[in-house]
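Student: Could you walk me through how to read a structure like this one?
Tutor: Gladly; let's look at it together.

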Amino acid sequence: MRIILFTGKGGVGKTTIAAATGIKTSELGYKTLIISTDPAHSLSDSFQKELKPYPTEVTENLYAMEVNVEYELERHWNTIKEYLTIFFKSQGIDDVVAEELAIFPGFDELASLLHLLSYYDAKAYDVIILDCAPTGETLRLLSVPEVAKWYMNRFFGVEKKLLKIVKPIAEPLINVPLPSEEVLNKIQELYVKMSRLKEILESEETSVRIVMNPEKMVIRESERAFTYLNLFGYRVDCVVVNKIFPREAGKYFSKWFELQEKYLREIEERFPVPIFRIPFKSTEVVGDILFELANELYDGEDPTKVFHSEKPMKIEKEGDSFVLAVKAPFVSKEQIKLFKKGEELIIIAGQWKRIVFLPQSLALKEPTEAKFNNGEIRIYFR
Ligand SMILES: Nc1ncnc2c1ncn2[C@@H]1O[C@H](COP(=O)(O)OP(=O)(O)O)[C@@H](O)[C@H]1O
Ligand SMILES: [Mg+2]
């Protein structure tokens, strides 16, 4: 099975590209499901067809659905939420605040991702395409399994059996309501699902594709996404640059051509994966135009292809230092120059240039040393 996840800033064209990709894969004979987790629900608009919170046939081999987040929250989270609310209240926290605290960040999107797991297990599709919420939320969401682990250890780091014995004795003494067996079972079930989900999303079957436009703010946000996706172990196999003004657009857009060309060069320096380009269409991309765009995607290649399989960067701990390892073909150690500017690290070796957006853990440190071997630059931070 192939799982393709689209992410990017709001309005860049994630839903459009996800829909067009699905059209293409279904035409190639892959049974395809598109799941939209974006609360904006524009997949229906793209296909000009009303979609349901379960797979609805769009054309031959192509199915699409729009997740209903409230319903999903209710289904997976209610038991746990009730307990957490009681727990927070017992700690003297106001009712309303307790309710809010009981939903941990990113859970609403996670609930929709759990859908992916059930369709993955059912093995009814060859390709599952996810149209995700804008980058910030998706990133938060993707770290949820780690957050859950934290929760598990802090709150529920007690063996279930032990808890059963301890509960009647301890509860009146410590004045903290301990979770019931039902709550623990639910948490355990959820935790197992989340771990599996993360495993699937990190595996070679899954590719993440960042959709962007050649615009300053969009590039900035995409860089951050690219770094964190890498850090969390997800595989970005290409980026799609959408809404590029075609030359035919005329004189009025001449300044735009220049600007976009500058930004396209920046994108090449900052995203060391294949870059696919899509022109700005003369009208909204829905219905027939969407089908037309499907044929222009990925330079005509099969969208299920893994366009890039190497990890473009890794962050490791070595002794006291953090090491950032970046692939850099054809350079030697003598050539390497490093510049750090706030959250950005600029690596220059002759004609070759790479700009890396640093995660918080590195941005606060200074690069101390660089080594080059086996086509990889290793930069030490302290
Ligand atoms: N290549 C393109 N040319 C012209 N309009 C586009 C293009 N791609 C997307 N659009 C339009 O831009 C708007 C936002 O696209 P959408 O796919 O909904 O973005 P997102 O899902 O990232 O928020 C829609 O009206 C869509 O029709
Ligand atoms: Mg969308």
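**Reading the model**

Tutor: In helix α3, the residues E72, W77, I80, K81, Y83 and L84 are buried. Here a residue is buried if 20 or more other C-beta atoms lie within 10 Å of its own, exposed if 12 or fewer, and partly exposed in between, with C-beta atoms placed from the backbone. Helices (H or I, at least four residues) and strands (E, at least two) are DSSP runs numbered from the N terminus. This is a predicted model, where local features need pLDDT of at least 70 and side-chain atom pairs count only at pLDDT 80 or more, while totals for chains, interfaces and linings use all residues. Residues are numbered from 1 along each chain as its sequence is written, and chains are lettered from A and ligands numbered from 1 in the order in which they are written.

Student: How should I think about the spacing of residues along a helix?

Tutor: An α-helix has 3.6 residues a turn, so residues three or four places apart point the same way.

Student: Where is the kink in α3 centred?

Tutor: The bend at a residue is the angle between axes fitted to the seven residues ending there and the seven starting there. In α3 (residues 69–90) the kink is about 70° and is centred on W77, one of the buried residues of this helix. Just after α3, G92 has a positive phi of about 80°.

Student: Are K123 and K243 buried or exposed?

Tutor: K123 counts as exposed because it has 8 C-beta neighbours inside 10 Å. K243 has 21 other C-beta atoms within 10 Å, so it is buried.

Student: What is the strand order of the sheet?

Tutor: Two strands pair if DSSP finds at least two bridges between them. Here, eight strands form an open sheet in the order β3-β4-β2-β5-β1-β6-β7-β8, with mixed pairing. β3 (56–59) and β8 are at the edges with a single partner strand each, so one side of each has no neighbour in the sheet.

Student: Can you show me some of the pairs?

Tutor: β2 (residues 32–36) and β4 (residues 62–66) pair in the parallel sense over five bridges, and S36 has E66 as its bridge partner in β4. β7 (residues 236–244) and β8 (residues 275–279) are also parallel, over four bridges, with V240 opposite F276 in β8.

Student: How does the chain get from β7 to β8?

Tutor: A crossover is right-handed if, with the strands pointing away from the viewer, the path from the first strand over the helix to the second runs clockwise. Here the chain passes through helix α11 (residues 254–270), making a right-handed β-α-β crossover.

Student: Which residues are closest to ligand 1?

Tutor: A residue is near a molecule or strand if its C-beta atom, placed from the backbone, lies within 6 Å of it. Ligand 1 is surrounded by 17 residues, the closest being G13, K14, T15, T16 and K281. Helix α1 (14–27) and strand β7 each supply at least two residues of this shell, and α1 gives the largest share, three residues.
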